[in-house]
Amino acid sequence: MTQDELKALVGQAALQYVVPGEIVGVGTGSTVNKFIDALASMKDRIKGAVSSSVASTERLQALGIPVFDSNAVEELSVYIDGADEIDGRGYMIKGGGAALTREKIVAAQSRRFVCIADESKLVGTLGRFPVPVEVIPMATQRLIRQFAAMGGSAQVRMKDGKALVTDNGQSIVDVSGLRIADPLAFEDEVSQWPGVVTVGVFAHQKAAVCLLGTAGGVRTIEY
Ligand SMILES: O=C[C@H](O)[C@H](O)[C@H](O)COP(=O)(O)O
């Protein structure tokens, strides 16, 4: 099976976690796009979605799925999203699609995070994928130096020759060369640095379940 087929497989499998009659939290990315397409088949049985990005909102609305503001909803039963890496404890790196801040917000208002990923995303220790960090642009260079001091190499993410601008009007730095043995401590530390909006390590908002797409089918991992 191709990676795209594995993504479609887990996108479809995630439907079993959607609670009929409720609003579902929806992440961002190529795997979630498969989930959104599958969700269209049950759009008449759900109230709608809270979305984590402009891109997902547009896709949901194009399929006729109502999108609610996160402030209009107190708690969601389930949040479904992909990951750039997930480890054996359900800790993740996210933000390869630059949507990490809104993803963390919607994950935080959800009781259960269901991660959908193809098997290439499963790692022993987080850090092979450069950690995305959303930052306030005026803090970028100082933060790059702070990451260097902890052994990382941070680069501003570019798009069309300019610093990428997130849905929230901020920048992203991608930090490579880190080995994140203690994701909770890493998230806690970096989140406190002035100028950091969101660090793309999801330890406090970790996955409760991972639906992993493998050549042998969907493997369900509960944490
Ligand atoms: O910002 C993007 C998100 O964190 C995505 O969930 C993550 O990058 C995985 O995306 P994909 O399913 O495209 O690999």
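Guide: Start with A83. Leaving aside neighbours within four places in sequence, A83 is in contact with M92, I93, K94, C115, I116 and K121. Keep in mind that this is a predicted model.

Visitor: Why does A83 count as buried?

Guide: The cut-off for buried is under 20% relative accessible area. A83 has 6% relative accessibility, so A83 counts as buried.

Visitor: Where does A83 lie?

Guide: In the loop between β4 and β5 (85–86). A83 and V201 are 118 residues apart in sequence, yet 10 Å apart in space, C-alpha to C-alpha.

Visitor: What makes S56 buried?

Guide: The cut-off again is under 20%. S56 has 1% relative accessibility, so S56 counts as buried. S56 sits in helix α3 (residues 54–62). Not counting residues up to four places away in sequence, S56 touches G27, T28, V32, I36 and S51.

Visitor: Now the ligand. Which residues are the closest to the ligand?

Guide: S30, T31, D84, E103 and K121 are the closest, out of 16 residues that surround the ligand. This shell divides into 3 nonpolar, 8 polar and 5 charged residues.

Visitor: How much of the ligand's accessible area does the protein cover?

Guide: On its own, the ligand has 370 Å² of accessible area, and the protein covers 91% of that.

Visitor: Which residues touch the most other members of the largest nonpolar core?

Guide: V24, V26, F35, L39, I80 and L211, in a core of 24 residues. Several elements each supply at least two residues of this core, including α1 (3–13), β1 (23–26) and β15 (209–214). The most come from α2, with 5 residues.

Visitor: What is V26 in contact with?

Guide: Leaving aside neighbours within four places in sequence, the contacts of V26 include V32, F35, L39, L60 and I80. There is also a second, separate core of 23 residues, with A154, V175, W193 and V201 among them.

Visitor: Why might nonpolar side chains gather like this?

Guide: In soluble globular proteins, nonpolar side chains tend to be buried together.

Definitions and conventions:
Residues are numbered from 1 along each chain as its sequence is written. This is a predicted model: local features need pLDDT of at least 70, side-chain atom pairs count only at pLDDT 80 or more; totals for chains, interfaces and linings use all residues. Side-chain values use heavy atoms; hydrogens and water are left out. A residue is near a molecule or strand if one of its heavy atoms lies within 4 Å of it. Accessible areas come from the Shrake-Rupley method with a 1.4 Å probe; for residues, only the protein chains shown count as cover. Ala, Val, Leu, Ile, Met, Phe, Trp, Tyr, Cys and Pro count as nonpolar, Asp, Glu, Lys and Arg as charged, and the others, Gly among them, as polar. A nonpolar core is a set of buried Ala, Val, Leu, Ile, Met, Phe, Trp, Tyr and Cys residues joined through side-chain atoms within 4.5 Å. Buried means under 20% relative accessible area, exposed over 50%, partly exposed in between (1.4 Å probe, protein chains only). Helices (H or I, at least four residues) and strands (E, at least two) are DSSP runs, numbered from the N terminus. Contact means heavy atoms within 4.5 Å.
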